[in-house]
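Below are my notes on the model, as numbered points. Please read them beside the sequence and the coordinates.

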Amino acid sequence: MQVHISLSGNNHMRISWITVFRTPAIIHYGTSPGNYTSSAKGSTNMYHYLKYDSGSIHDVVIGPLKPNTIYYYRCGNKSTQEFNFKTPPQRFPIKFAVAGDLGQTEWTSSTLQHIVKSNYDVLLLPGDLSYADMYQPWWDTFGYLVQPLASKRPWMVTQGNHEIEKIPKIHKEKFTAYNARWVMPYEESGSPSNLFYSFEVGGVHVIMLGSYAEFESDSTQYRWLMSDLKKVDRKRTPWLVVVLHAPWYNSNRAHQSEYESIGMKNAMEDVLYEARVDVVLAGHVHAYERFSRVYKDRANECGPVYITIGDGGNREGLDMWFLDPQPKLTAYREPSFGHGLFYVKNATHAVWTWHRNDDHVAVASDQVVLRNLASVSACYNV
Ligand SMILES: [Fe+2]
């Protein structure tokens, strides 16, 4: 139960699931239903949190896999339930679905119903997943809720403040449940921590930063970011995308002047600008906001487009109030639940759309065509 998959290095997929009893961490898989021509073994862990004991949490990496191909798989040796997933394309076009601060409410269900219709390849979640907030069974119910989608397409997540779950003197370790249940490809990307990592898919290099890991210039995250950016080859991956939780640009009244936003911006904005990052996706604020290209609070044609998309549907509700007047740098803002689609058409152009849940048909409430900064000679010297 609670099956979800994530990209794991080149042409590989990590499959994660939980069993009540201890069973072997093994996946049987193949490209036609019921005919499992391959198998792979992995590892099992569990965790304790106050009086809660998790089930056995299994992680198995399978591959190499062919791109754009449906694989059928079975978890363990005795299960009769078959799942299937589709691998992402090797090259453009590729479609990312994006929804932060997801939670597990009726609004969440509505968001997921919209996302599933979008025929996306990979989901990006900029933090705040289950809103278990220390009540561990809610991590399990979140696992059940997302399984129909997350067992079929890779879900790539980073942490938000709701994943911390530290209780002073009682449970001193941070991110216990998150790190046990949502293992991401940090080792595959040379990172020392599950809280920040990168991956490459379909011509896009995606960096998942950790707003709640240390980020100052003497931190391991900062050093890892610098080394990861050195590996980026804009010929191999023309697009460069960053995902994090606490937004660096934000004109909502909620979450102004937090250290995780302002401190991280001060520490890392120059680095992302110099690297010509195309888009920065954030969550945390429960509303939608898109900025024009910006660097150091001024319009800049070579700066990233900053987007806040923390409107997945959590139980805290929407952040209804924006600062007045609307800043010139804000291109669009609205406090509604919804999701984003980042459709990368080719090496030079992509389309970003935002979809509001209240619209029962899939209409784009906000849409913009993005030109890849690596293809703009005034910004990027090849
Ligand atoms: Fe948050």
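Predicted model: local features only at pLDDT ≥ 70, side-chain atom pairs only at ≥ 80, totals over all residues.

1. Residues are numbered from 1 along each chain as its sequence is written.

2. The domain assignment gives domain 1 as 1-87 and domain 2 as 90-375; such bounds come from an automatic or database assignment. The C-alpha centres of domain 1 and domain 2 are 25 Å apart.

3. The chain has 5 helices and 25 strands. These are DSSP runs numbered from the N terminus, helices being H or I of at least four residues and strands E of at least two. The radius of gyration is 20 Å, close to the 21 Å that the globule rule gives for 382 residues, so the chain is as compact as a globular protein of that length. That radius is taken over C-alpha atoms, and the rule is 2.2 Å times the number of residues to the power 0.38. Along the principal axes, the C-alpha atoms fill a box of roughly 60 × 45 × 45 Å.

4. Of the 382 residues, 48% are buried. A residue is buried if 20 or more other C-beta atoms lie within 10 Å of its own, exposed if 12 or fewer, and partly exposed in between. Among contacts between residues at least 6 apart in sequence, 69% join residues at least 24 apart.

5. The largest nonpolar core has 100 residues, and Ile15, Met156 and Leu281 have the most contacts inside it. Such a core is a set of buried Ala, Val, Leu, Ile, Met, Phe, Trp, Tyr and Cys residues joined through C-beta atoms within 7 Å. Strand 16 (residues 239-243) gives the largest share of this core, 5 residues. Both domain 1 (1-87) and domain 2 (90-375) contribute residues, so the core lies between them. Leaving out residues up to four places away in sequence, Leu281 touches Val98, Leu124, Pro126, Val241, Val243, Ile307 and Ile309.

6. Gln221 sits in helix 4 (residues 220-231). Gln221 is buried because 22 other C-beta atoms lie within 10 Å. Beyond its neighbours within four places in sequence, Gln221 is in contact with Phe196, Gly210, Ala213, Glu214 and Phe215. The C-alpha atoms of Gln221 and Met268, 47 residues apart along the chain, are separated by 10 Å.

7. UniProt (unreviewed entry) places "Purple acid phosphatase N-terminal" at residues 2-87, a span that is 0% helix and 51% strand. The same record's "Calcineurin-like phosphoesterase" domain is at residues 94-288, where the chain is 30% helix and 16% strand. "Purple acid phosphatase C-terminal" is placed by UniProt at residues 303-360; this span is 0% helix and 43% strand, with its end C-alpha atoms 34 Å apart. UniProt positions follow the numbering used here, feature names are shortened, and annotations may be inferred rather than shown by experiment.

Key. Contact = placed C-beta atoms within 7 Å.
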